[in-house]
Amino acid sequence: MPTQQLQQPTGWSTIPVLCFIRHPDDVIRCTLHAGHDGDHRHSYTRRDWPQRAGETQAD
Ligand SMILES: [Zn+2]
């Protein structure tokens, strides 16, 4: 019986830093990496919306 080992990508335990800005008219949050350029985007719903000045993750 062959030995099968689960391959874990390097750095898997590192929590990715997300933008996580909330959509102004919805409860979805941006799933792009923090400090990204361009519009915010929610990957699951494939919706995107423009960045606004002064927005925070706690919004
Ligand atoms: Zn964003």
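1. Start with Trp49. Trp49 sits in strand β2, which covers residues 47–49. Keep in mind that this is a predicted model.

2. Trp49 has 17 other C-beta atoms within 10 Å. A residue needs 20 or more to be buried, and 12 or fewer to be exposed. Trp49 is therefore partly exposed.

3. Now look at Trp49 and Cys30. Along the chain they are 19 residues apart.

4. Step back to the whole chain. It has two strands and zero helices. The chain has 59 residues, and 5% of them count as buried. Take the contacts between residues at least 6 apart in sequence: 13% of these join residues at least 24 apart.

5. Phe20 deserves a look at its backbone. Its phi is near 65 degrees. That is a positive value, and Phe20 is a residue other than glycine. Phe20 lies in the segment before β1, and β1 spans 40–42. Phe20 counts as partly exposed, because 16 other C-beta atoms lie within 10 Å.

6. Arg46 also calls for a backbone check. Its phi is positive, about 60 degrees, although Arg46 is not a glycine. Where does Arg46 lie? Arg46 is in the loop between β1 and β2. Arg46 has 7 C-beta neighbours inside 10 Å, so it counts as exposed.

7. Gly38 comes next. Gly38 belongs to the segment before β1. With 9 other C-beta atoms within 10 Å, Gly38 is exposed. What separates Gly38 from Gln51 in sequence and in space? The two are 13 residues apart in sequence. From C-alpha to C-alpha, Gly38 and Gln51 are 7.2 Å apart.

8. Finish with Glu55, in the segment after β2. Glu55 has 14 C-beta neighbours inside 10 Å. The cut-off for exposed is 12 or fewer, and for buried it is 20 or more. So Glu55 counts as partly exposed.

Methods:
Residues are numbered from 1 along each chain as its sequence is written. This is a predicted model: local features need pLDDT of at least 70, side-chain atom pairs count only at pLDDT 80 or more; totals for chains, interfaces and linings use all residues. Helices (H or I, at least four residues) and strands (E, at least two) are DSSP runs, numbered from the N terminus. Two residues are in contact if their C-beta atoms, placed from the backbone, lie within 7 Å.
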